[in-house]
Amino acid sequence: MTTLFSQDAPQALLENRKILVVDDEEPIRRLIGYLLQTHGYTVTLAADAREARQLLDKEPYALMLCDVNMPGESGMDLVRTILEEHPHTASIMVTGLDSSVLANAALDMGAFGYIVKPFEMNEVLIDVANALRRRKLEIENRFHREHLEDLVRTRTMALQQALEWLERSEKELRLSREETIQRLAIAAEFRDHSTAQHIHRMSHYCELLAKKHGLSPEHCDLIRTASPMHDIGKIGTPDQVLLKPGKFTAEEFDVISQHAEIGYKILSGSDSDLLKVAATIAWTHHERYDGTGYPRKLKGENIPIEGRIAAIADNFDALTTARVYKPAFDFAHARSLMLKERGTQFDPELLDLFLSCEEDLRRIHDHYADNPANQELPNVA
Ligand SMILES: [Fe+2]
C-alpha cells in the first residue's frame with residue numbers, strides 16, 4: 001500500500017489556498033474568481049474540463065469549483081476522476097439546475113458541496129470555507145490512520161523478527177544440548193572402545209520402538225535424546241575391569257554392574273524431564289523382564305517403559321555389530337537369539353514390535369554403520 005505521508009502531514013498541503021474555478025460561462029467564473037480573490041484565496045480559472053486537467057497536473061489545488069454542464073466532458077465526470085487522481089483536491093459542484101437527484105449524486109461521488117446558480121456571495125464563501133475545513137480534517141485524519149498503519153506494520157515486523165530470533169535461539173539451544181549429551185555419552189563409551197555410532201544407533205532404535213509402542217511424540221523425543229546416556233556410569237568403572245578381555249569373574253561383574261547405579265546417581269535429582277528420563281534409562285536398562293536383572297531386580301512392568309525399550313535397543317545393537325569379543329551377527333541370527341529371551345530378558349510385546357520393524361532397523365543400522373568415516377558426529381538437526 002502506498003503511504004501518502006511519512007511522518008507529519010505537510011503544512012504546505014494543509015494550508016494550500018489555491019482554488020480552481022471551472023466554468024464554461026466566462027462571467028460566472030470571473031465573478032466567482034473575483035469574489036474568492038478578494039477574500040484571500042489564490043484563484044485560477046479554467047473554461048472546460050480539459051484545461052482544468054492540465055492545470056491540476058501542473059500544481060496542487062486545495063479546491064475545485066466546477067460547473068456541472070459544460071461542453072465536452074461534464075463537470076460530474078471531471079470531479080469523479082479528479083477525486084481519484086488528486087485525492088487532496090476537494091470539489092464543489094456549481095449548477096444552474098436545482099435538483100436534489102443531481103445534488104445527491106454529486107455528494108455521493110465525493111463532492112464537498114453543491115451550489116445552485118444564481119447564488120449569494122456569502123453562500124459561496126461559506127461553502128468554500130466549509131469545504132476547505134473538511135478537506136484539512138480529512139487529510140489529517142488520513143495521515144493519522146496511515147501513520148497508525150505504519151506503526152502497526154513496523155511493530156508487527158519487529159514482533160515477527162523477535163519470534164524468529166527466539167525460534168532460532170531455541171533450536172540452537174536444543175541442538176547444542178543434544179550434541180553436548182551425545183559427546184559426553186561418546187566420551188563414556190570410548191572408555192571401553194565402543195563407537196560413537198553405537199549411541200546413535202541405540203538412540204534411534206529406542207525412538208523407533210517408543211513410536212511403535214504409541215508413546216507421545218514428546219516422550220519419544222525425550223527417549224531418543226536421553227538414551228545416549230544409558231552407559232554414562234561407565235566413567236566410574238575401573239579400567240582393569242572395563243577393559244578386561246574375556247569373561248568377568250563374579251566380583252568383576254559386580255563392579256561393572258554398578259555402572260547402572262552410578263549413571264543414575266550422576267543423572268538423577270534434576271528437574272529436567274530429559275535428565276529424569278536419562279536417569280531412568282541408566283538405572284533400568286539392565287533389568288530383565290523376569291526379575292533377574294540388575295541393579296534392583298525389577299520385574300515385568302515394574303521396569304519403566306524407557307528401561308524396557310533401552311534394553312531391547314542396546315542388546316540388538318550389541319548383537320548386530322562387531323565387538324572385540326564377537327563378530328557382528330546378521331539380523332536373522334540376532335532375531336533368533338533375542339526371541340530366546342522373549343519374556344525372560346525382554347518385554348515380549350515390545351520385542352515383537354521391535355522385531356516387526358526390520359526395514360527401519362536396517363535403515364538405522366546401515367546409516368550409522370561402524371566405519372572410520374562415520375566416527376564424526378552426524379548432524380542432529
Ligand atoms: Fe549398560
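The model is predicted. Its mean pLDDT is 88, and 93% of the residues reach 70 or more. The largest nonpolar core has 39 residues, and a second, separate core has 24.

**Confidence**

- Residues 1-6 have pLDDT below 50. Beyond near neighbours in sequence, this stretch makes 17 contacts in the model.
- Residues 372-381 also stay under 50. Here the model has 19 contacts beyond four places in sequence.
- Where pLDDT is low, predicted coordinates should not be read in detail.

- For four tetrahedral donors, the ideal angle is 109.5 degrees.
- Asp-231 and His-259 link distant parts of the chain, 28 residues apart. Asp-231 sits in the loop between α8 (217-226) and α9 (239-242), while His-259 belongs to helix α10 (residues 250-267).
- Both Asp-231 and His-259 are buried.

**Largest nonpolar core**

- Which residues have the most contacts inside this core? They are Ile-309, Ile-312, Phe-316, Phe-354 and Leu-361.
- Elements giving two or more residues to the core are α7 (196-212), α8, α11 (273-284), α12 (305-320), α13 (331-340), α14 and α15 (358-367).
- Helix α12 gives the most, with seven residues.
- Phe-316 is in contact with Tyr-205, Phe-331, Ala-334, Met-338, Phe-354 and Leu-361, leaving aside neighbours within four places in sequence.

**Second core**

- The separate core of 24 residues includes Leu-20, Val-22, Val-68 and Tyr-114.

**Helix α13: one buried face**

- Phe-331, Ala-334 and Met-338 are buried in α13. Seen down the helix axis, the buried residues fall within an arc of 65°, so they line one face of α13.
- In an α-helix, residues three or four places apart point the same way, because there are 3.6 residues a turn.
- The cover over the buried residues of α13 includes α12, α14 and α15.
- Ala-332 and Lys-340 are exposed on the other side of α13.

**Helix α4: buried residues on one side**

- In helix α4 (residues 75-85), the buried residues are Gly-75, Met-76, Leu-78, Val-79 and Ile-82. They share one side of α4 because they cover an arc of only 160° around its axis.
- Strands and helices cover these residues, including β1 (18-22), β3 (63-67), β4 (90-95), α3 (49-58) and α5 (100-109).

**Val-43 in strand β2**

- Val-43 lies in strand β2 (residues 42-46).
- Is Val-43 buried or exposed? Val-43 counts as buried because its relative accessibility is 14%, and the cut-off for burial is under 20%.
- Val-21 is 22 residues from Val-43 in sequence, yet the two C-alpha atoms are 7.2 Å apart.
- Val-43 touches Ile-19, Val-21, Gly-33, Leu-36 and Gln-37, not counting residues up to four places away in sequence.

**Backbone geometry**

- The peptide bond from Lys-117 to Pro-118 is cis, with omega near -5°. Pro-118 is in the loop between β5 (113-116) and α6 (121-190).
- Another cis peptide bond joins Tyr-294 and Pro-295, with omega about 5°. Pro-295 is in the loop between α11 and α12.
- Lys-297 lies in the loop between α11 and α12. Its phi is positive, near 55°, in a residue other than glycine.
- Lys-297 has a relative accessible area of 54% and is therefore exposed, since exposure requires over 50%.

Methods:
Residues are numbered from 1 along each chain as its sequence is written. This is a predicted model: local features need pLDDT of at least 70, side-chain atom pairs count only at pLDDT 80 or more; totals for chains, interfaces and linings use all residues. Side-chain values use heavy atoms; hydrogens and water are left out. pLDDT is the predictor's confidence in each residue, from 0 to 100. Contact means heavy atoms within 4.5 Å. Helices (H or I, at least four residues) and strands (E, at least two) are DSSP runs, numbered from the N terminus. Buried means under 20% relative accessible area, exposed over 50%, partly exposed in between (1.4 Å probe, protein chains only). The arc is that of the directions from the helix axis to the C-beta atoms. A nonpolar core is a set of buried Ala, Val, Leu, Ile, Met, Phe, Trp, Tyr and Cys residues joined through side-chain atoms within 4.5 Å.
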